Structure formats: structure tokens, C-alpha cells
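Please open the model in your viewer and keep the selection panel at hand. The stops below are meant to be followed in order.

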Amino acid sequence: MPVYQELQNKWDAYCRLDCLASEMESSTVFIVGQTRHVRSGAMFLCLANQEREKAGLSNIQNHDLKLLMKCAVLTLKNLIQKDEAENH
């Protein structure tokens with residue numbers, strides 16, 4: 001990998017700062033949302049933890065999206081209610 005060392009340095013810095021996850025694809029959503037002046041958001045589900053795996057710890061993977069979807073729906077409902085209350 002031509003940029004392996006750069007990526008590894010970033011990952012090591014994240015780990016030193018106790019970062020719980022790294023993700024980059026949603027940055028586009030936030031940039032477009034800010035540019036278009038619309039609310040944007042993202043929800044994440046951690047499927048595995050490569051640091052636990054490296055340390056020889058259990059790394060149970062859960063692919064059940066029900067809780068994530070329930071959280072997303074409730075969050076949207078709350079935002080809609082908040083917007084409606086502010087506009088009345």
C-alpha cells in the first residue's frame with residue numbers, strides 16, 4: 001500500500017486518543033448538507049473491533065440492525081416534533 005505508513009500513523013493517533021471508531025464516507029453527506037443548508041446526520045454500527053482481535057480478546061460480531069433502525073426512527077421523530085414545536 002503506497003500510503004500504508006500514513007494510514008497507520010493516523011490509526012495509532014486515534015488509538016492513543018481512545019477513539020472508538022473511524023469513518024470517512026459520511027463526511028460527504030455533512031459537506032453537502034451544510035452547503036445546501038439542510039440538516040444531515042449519520043448512524044453507525046460497529047460490526048467488529050480489529051484492536052480487540054489483535055489483542056486476542058473476544059470480538060463478537062453482531063449484524064442485527066433492529067436496534068440501529070429503532071434509534072434512527074426515534075431520532076427522526078424527535079427532530080420532526082422539535083421542528084414542528086419551533087415553527088408553531
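A polar contact here is a pair of N or O atoms within 3.5 Å; within protein, one of them must be able to donate a hydrogen and the other to accept it, and residues adjacent in sequence count only if both atoms are side-chain atoms. The model is predicted, so local features need pLDDT of at least 70 and side-chain atom pairs count only at pLDDT 80 or more, while totals for chains, interfaces and linings use all residues. Residues are numbered from 1 along each chain as its sequence is written, and side-chain values use heavy atoms, with hydrogens and water left out.

Select Asn-59 to begin, in the loop between α3 (50-54) and α4 (66-86), where helices are DSSP runs of H or I with at least four residues, numbered from the N terminus. Its side chain makes a polar contact with the side chain of Glu-53 at 3.2 Å, and the side chain of Asn-59 also reaches the backbone nitrogen of Asn-49 at 2.9 Å. If neighbours within four places in sequence are left aside, Asn-59 is in contact with Ala-48, Asn-49 and Glu-53, contact meaning heavy atoms within 4.5 Å. Is Asn-59 buried or exposed? Asn-59 counts as buried because its relative accessibility is 18%, the classes being buried under 20% relative accessible area, exposed over 50% and partly exposed in between, with a 1.4 Å probe and protein chains only.

Next, select Asp-18, in the loop between α1 (4-16) and α2 (26-36). Phi of Asp-18 is near 60°, a positive value in a residue other than glycine, and Asp-18 counts as exposed because its relative accessibility is 62%.

Move on to His-37, in the loop between α2 and α3. Phi of His-37 is likewise positive, near 60°, in a residue other than glycine, and at 71% relative accessibility His-37 counts as exposed.

Finally, show the lining of the second largest pocket by selecting Leu-7, Lys-10, Trp-11, Tyr-14, Cys-19, Ala-21, Ser-22, Glu-23, Met-24 and Glu-25. A pocket is an open set of points on a 1 Å grid over the protein atoms alone, where a 1.4 Å probe fits, with protein on both sides within 12 Å along at least five of seven lines, and lining residues have an atom within 4 Å of a point. The volume of the second largest pocket is about 290 Å³, a volume being the space filled by probe spheres set on the points, which are joined across faces, edges and corners.

Conventions:
Helices (H or I, at least four residues) and strands (E, at least two) are DSSP runs, numbered from the N terminus.
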